[in-house]
Amino acid sequence: MQSSLKKSLYLGLAALSFASVAAVSTTASAKSAAKVTSDKVLTTDATKRNVNLTGTNAIYTKPGTVKGAKVVATTTTAKNLNKSTTSRENFRAYRVAKTNRGSIYYKVVSYNKVYRGWVYGGKSATAFAGGLTSYDTFKEGTLTADQKTGTYKLANPGKTEAGLTYKQPAWTQYKIGKTIADTTAYKDATFSVDKVGTRTREGDTWVHVVNQNTADTKADGWILLSNLTQTNAFNEQSQIKVNIKDTDGKTIKEFYYTAPSAKGKDSDVTSDFYTTANNQTSFNPKFEKAVQAQVSGTGYTVAGTDTVNQSAKVLTGSTLNLVARKGDTVSMKVEPWSVSTTPEKPGTKLILKAAAGNTSAKDNLNVIVTAGATMTTPFSGVEGQTFTSTDLVNNLTANKLNTLTSVKYAKVTADDKTVTYVDPSSVTKDTKGVSLDANGNVQLYETDYTLSGGVAGTFAKNGTAQALYTAKEVTTTASATNPDAGNGSLFG
């Protein structure tokens with residue numbers, strides 16, 4: 001009895017001691033809880049704030065070490081979300097908080113909005129760490145030859161997910177959804193593809209489609225490739241795949257060619273591709289035209305007489321590999337022209353030579369510009385290669401030729417006729433009808449030309465490119481200058 005009482009007293013004291021310790025522990029935990037010292041909305045590019053959970057930290061209703069924080073998703077759940085195979089479980093970070101202990105927490109939300117809360121993010125707010133890591137939800141790729149030349153129709157037009165197009169591949173950017181709610185009206189539309197890529201979690205292929213009827217672009221957007229039907233797929237019964245590569249093996253062009261004499265897969269259609277005359281083999285004229293159309297403007301040439309481009313036998317359904325050879329590099333003269341009333345068209349050619357004396361306004365003073373404008377970097381490219389207005393502008397900008405200035409000139413107006421003097425020294429302030437400045441001296445003028453574009457063209461030996469400049473007349477007090485050289489090509 002006494003032994004039993006002692007045992008009971010011992011167990012009771014032990015329980016009391018345990019309760020006391022627990023009470024002390026709880027109090028200590030409350031006192032040592034972290035406090036949030038800053039809490040801000042993230043304002044950086046939203047697409048750069050896509051994240052994946054690492055699984056090392058849970059998601060909480062508040063920063064994890066703050067009093068009252070409750071678990072939203074355990075570390076086990078976070079690990080499972082890290083390996084998720086659905087883009088709906090991508091995450092976006094949108095707030096950042098710092099505690100008095102120097103810890104960083106990010107508030108995140110899953111794209112499907114199932115999970116929302118705070119995750120430990122390390123000790124620095126400059127990069128995701130701890131329970132988070134930056135994540136590319138979608139990776140753009142390179143179009144295949146078939147995709148580049150392919151034409152497509154919607155396989156499932158309508159209101160279902162499979163028939164819709166999206167502003168971004170579905171669930172790869174937060175709250176960025178479909179481009180159109182119903183694609184039924186586009187069931188007969190033909191689309192081309194200009195971009196391709198893969199969703200990271202699913203590994204499926206998405207393409208960006210463009211309606212070939214460019215007047216209606218409402219349905220243009222991203223769609224799962226498998227939800228398209230290609231209307232011009234390679235036909236092994238009648239076509240040959242033609243690959244044109246340079247001497248280093250780099251693909252220049254790829255296209256399908258339909259053989260006129262095709263009689264089914266593996267039929268011999270060599271005569272559709274080659275012809276022999278005077279013991280010389282070359283491309284069949286029709287095929288020659290098709291090949292040259294493919295390389296036009298690239299600066300490459302493909303010769304049927306080149307033995308590397310000759311094949312003993314060509315069969316339908318096969319691939320014909322051709323080698324393109326790069327042309328010579330040529331430099332072009334550049335002529336400056338004033339802009340006409342028609343955009344991207346030259347108006348009046350600007351020349352260097354300035355004759356002494358005077359010239360009437362009808363002789364167009366705008367053709368007189370100062371000498372000394374030279375090209376330190378020539379405008380050059382592969383002969384036969386096309387160039388754009390932007391290419392020309394970039395070259396002239398690099399040469400610091402964005403602005404040209406005319407010679408200084410004076411104006412005299414008499415009998416309703418204005419005469420321009422490109423040798424102002426022959427004009428005095430007493431000249432009848434002369435324009436004077438605020439100080440009573442002969443007013444001098446100049447025309448400033450600002451680079452505004454260029455005429456697209458093709459690089460050619462001894463060729464000339466046309467740069468376009470916009471003119472603006474301004475007053476000046478500078479001394480008159482009269483360049484005495486010029487041949488009409490400023491930068492040649």
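Aspartate 204 pairs with arginine 199 in a salt bridge, their closest N and O atoms 2.7 Å apart. A salt bridge here is a side-chain nitrogen of Lys or Arg within 4 Å of a carboxyl oxygen of Asp or Glu. Aspartate 204 is buried at 19% relative accessible area. Arginine 199 is buried too, at 9%. Buried means under 20% relative accessible area, exposed over 50%, and partly exposed in between (1.4 Å probe, protein chains only).

This is a predicted model: local features need pLDDT of at least 70, side-chain atom pairs count only at pLDDT 80 or more, and totals for chains, interfaces and linings use all residues. Residues are numbered from 1 along each chain as its sequence is written, and side-chain values use heavy atoms, leaving out hydrogens and water.

Lysine 411 and glutamate 473 form another salt bridge, at 2.8 Å from N to O. Lysine 411 sits in strand β27 (410–414) and glutamate 473 in strand β31 (464–476), so the pair ties together parts 62 residues apart in sequence. Lysine 411 is buried at 19%, whereas glutamate 473 is partly exposed at 40%. Shared partners join Arg199, Glu202 and Asp204 into one salt-bridge network.

Arginine 88 bridges to glutamate 161, with 3.4 Å between the closest N and O atoms. Arginine 88 lies in the loop between α2 (75–82) and β5 (91–99), glutamate 161 in the loop between β10 (152–154) and β11 (191–199), 73 residues apart. The structure holds nine salt bridges.

Now the whole chain. It has five helices and 31 strands, taken as DSSP runs (helices H or I, at least four residues; strands E, at least two) numbered from the N terminus. Of its 492 residues, 39% are buried.
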